[in-house]
Amino acid sequence: MSEELKIDTLLAHAGIKTDVTTGALTTPLHFSTTYQHPEFGQSTGYDYTRTKNPTRVAAEATLAAIEGADYALATSSGMSAIVLAFSVFPLSSKVLAVRDLYGGSFRWFNQVEQEGRLHFTYANTEEELVQLLTEEIDVVYIETPTNPLMVEFDIARLAQLAHEKGAKVIVDNTFYTPIYQRPLEDGADVVLHSATKYLAGHNDVLVGVVMTSDSDLYEQLFYNLNTTGAVLSPFDSYLLLRGLKTLSLRMKRSTENAQKVVAFLEKSPQVKEVLYPGKGGMISFKVADESKIPAILNHLQVFTFAESLGGVESLITYPTTQTHADIPADVRHSYGLTDDLLRLSIGIEDSEDLIADLEAALEV
């Protein structure tokens with residue numbers, strides 16, 4: 001039945017009709033850590049909550065459906081989702097990754113490389129990635145659009161080339177979500193999200209997701225998650241389900257707002273470059289006078305100066321000192337992440353208020 005339903009319907013119905021005992025419309029919170037066996041040798045399907053929890057299962061079912069995946073695993077954070085995704089690959093695997101990455105991803109990649117567990121090669125552009133994709137590569141890792149330079153990569157093209165070389169493809173779909181992009185349908189093997197961001201959407205829950213339609217990969221992922229224990233709690237699973245119900249509405253509104261904000265920024269004499277892929281709520285821009293950044297950040301009233309993204313409230317982030325501070329300055333500067341760049345996460349407020357706030361701050 002779920003395959004016949006459109007994504008807006010799947011989202012609106014997230015978690016409903018899961019309680020056959022009472023008929024509760026909202027998914028019940030199952031806090032129990034352990035479950036009674038009906039008899040010796042029998043199980044209800046639930047034994048211990050780290051392995052399986054009814055509230056988490058309801059969230060995972062919706063996540064899989066909207067991403068077009070056969071399987072989804074909800075984890076305790078976006079970073080734990082990344083760690084889980086890579087846990088199925090042997091030590092010393094060679095990873096080819098896009099260079100423009102979330103700073104936390106780079107921090108972990110750098111750590112495991114220094115420990116000798118994985119080896120990383122980075123590509124600045126899609127063409128460079130294609131040139132570096134040899135039979136020695138085991139995993140291709142893509143953020144698209146990238147964070148924070150908003151560069152898009154052709155998932156279908158890269159997945160086909162990677163598979164021809166015998167490599168698996170992991171895509172971070174945090175920025176676009178299944179509303180705008182479904183990487184598994186384009187050939188990716190694994191999709192992950194920092195669902196703290198758009199999927200949950202309210203800046204009140206920390207959650208990651210790993211999705212796949214490869215049964216062998218899923219069995220390994222499930223085993224590793226159950227073994228290491230970085231699962232999503234029942235209450236956080238409930239919050240995620242609640243947030244998912246409005247994902248489509250929020251993404252459409254943030255896109256509409258972002259497009260209007262971009263039109264303003266492109267005309268502002270205080271802005272020298274705007275980076276926006278055309279859809280979604282994420283915008284980066286470079287200011288004409290870098291020295292004014294502290295004053296700009298301090299003057300904003302509607303935008304909140306904070307890390308993270310994807311909530312209903314609009315945020316502004318300075319990657320140099322926040323999200324990407326762990327990337328060495330010379331590395332950041334080499335691929336265009338310079339100290340004059342600000343990143344916006346556009347929420348669902350009135351676009352006129354957002355533009356007026358930015359205009360006043362930029363003129364300080």
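## Arg332 and its partner

Arg332 is buried, with a relative accessible area of 5%, where buried means under 20% relative accessible area, exposed means over 50%, and partly exposed lies in between (1.4 Å probe, protein chains only). Arg332 forms a salt bridge with Asp339, and their closest N and O atoms are 3.1 Å apart; a salt bridge is a side-chain nitrogen of Lys or Arg within 4 Å of a carboxyl oxygen of Asp or Glu. Side chains of opposite charge can pair when their charged atoms come close.

This is a predicted model, in which local features need pLDDT of at least 70 and side-chain atom pairs count only at pLDDT 80 or more, while totals for chains, interfaces and linings use all residues. Residues are numbered from 1 along each chain as its sequence is written, and side-chain values use heavy atoms, with hydrogens and water left out.

## Salt bridges between separate parts

A search of the whole structure finds 13 salt bridges. One of them joins the side chains of Arg157 and Glu127, at 2.8 Å from N to O. Arg157 lies in helix H6 (residues 155–164) and Glu127 in helix H5 (residues 126–132), so the pair ties together parts that are 30 residues apart in sequence; helices (H or I, at least four residues) and strands (E, at least two) are DSSP runs, numbered from the N terminus. Arg157, at 28% relative accessibility, is partly exposed, and Glu127, at 44%, is also partly exposed. Glu126, Glu127 and Arg157 are linked in a network of salt bridges.

Lys279 and Glu152 form a salt bridge as well, with their closest N and O atoms 3.9 Å apart. This pair links distant parts of the chain, 127 residues apart, since Lys279 sits in the loop between strand E8 (271–275) and strand E9 (282–287), and Glu152 in the loop between strand E4 (139–143) and H6. Lys279 is partly exposed at 28%, and Glu152 is partly exposed at 38%.

## Helix H13 and its buried face

In helix H13 (residues 351–362), the buried residues include Leu354, Ile355, Leu358 and Leu362. Seen down the helix axis, the buried residues of H13 fall within an arc of 160° (taken from the directions from the axis to the C-beta atoms), so they line one face of the helix. An α-helix has 3.6 residues a turn, so residues three or four places apart point the same way. Among the elements that cover these buried residues are helix H10 (247–267) and strand E12 (341–345), where contact means heavy atoms within 4.5 Å.

Methods:
Expected span 1.5 Å × (residues − 1).
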